[in-house]
Amino acid sequence: MVELTDAQEPLELAWTVWPARRQPLLSVVVAAFCLAVSWWAMAYMGSPYFAFLTLVIFAMALSEFYFPMRCRLSADGVERRHLGITHMQSWSTFRLAEVLPDRLVLYRYGNVPRWYARQRAVPLRFEGNQTQILEYIRRHVPLSSDKD
């Protein structure tokens, strides 16, 4: 959903990202790998509890790939909805945006080590709307590529 003002600037930009739908073969291969590792855990440890635990850990780790995420950029900030949980952050919390081939990463303010800054970063995957997202982000957060 994109609403436009008189100057053709979107008031909000919203899209849904679902990488598993975009790459169905990879989805099947990864799911088969997870099931094989789970079966191996059950056979090696001798308990179905470990197989279930392995599947739960894989599901948590791969949730952003297998389940859709709804992203929305507005004048208030960035909102991401995933598995019924909504994360909303205002533009003032971000200091820099980095453009990667398949996503944009927003880095928060704070004097923290580089590895911790990556953990606190907010990734936004593109879904065929890279130029729209970059134009919108540039109005609120400087892009790392603009510094060069």
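Me: Which residue forms a salt bridge with Glu-12?

Reply: This is a predicted model, in which local features need pLDDT of at least 70 and side-chain atom pairs count only at pLDDT 80 or more, while totals for chains, interfaces and linings use all residues. Residues are numbered from 1 along each chain as its sequence is written, and side-chain values use heavy atoms, leaving out hydrogens and water. A salt bridge here is a side-chain nitrogen of Lys or Arg within 4 Å of a carboxyl oxygen of Asp or Glu. The closest N and O atoms are 2.9 Å apart, and the partner of Glu-12 is Arg-72.

Me: How many residues apart are Glu-12 and Arg-72?

Reply: Helices (H or I, at least four residues) and strands (E, at least two) are DSSP runs, numbered from the N terminus. Glu-12 sits in strand 2 (residues 10-17) and Arg-72 in strand 3 (residues 69-74). The pair links distant parts of the chain, with a separation of 60 residues.

Me: Which residue of strand 4 stands opposite Arg-72?

Reply: Strands pair if DSSP finds at least two bridges between them. Strand 3 and strand 4 run antiparallel and are joined by five bridges. They form a hairpin with two residues between them. Opposite Arg-72 stands Glu-79.

Me: How is helix 2 oriented to helix 3, roughly parallel or roughly antiparallel?

Reply: Axes are lines fitted to C-alpha atoms, for helices over the stretch in contact, and angles run from 0 to 180 degrees between N-to-C directions. The axes of helix 2 (residues 24-45) and helix 3 (residues 48-61) come within 7 Å and cross at roughly 150°. Angles under 35 degrees count as roughly parallel, over 145 as roughly antiparallel, 65 to 115 as roughly perpendicular and the rest as oblique. So helix 2 and helix 3 are roughly antiparallel.

Me: How many nonpolar residues does the contact of helix 2 with helix 3 have?

Reply: Contact means heavy atoms within 4.5 Å. Among the residues making it are Phe-33 and Met-42 of helix 2, and Phe-50 and Leu-55 of helix 3. Ala, Val, Leu, Ile, Met, Phe, Trp, Tyr, Cys and Pro count as nonpolar, Asp, Glu, Lys and Arg as charged, and the others, Gly among them, as polar. Two residues are polar, none is charged, and the nonpolar count is twelve.
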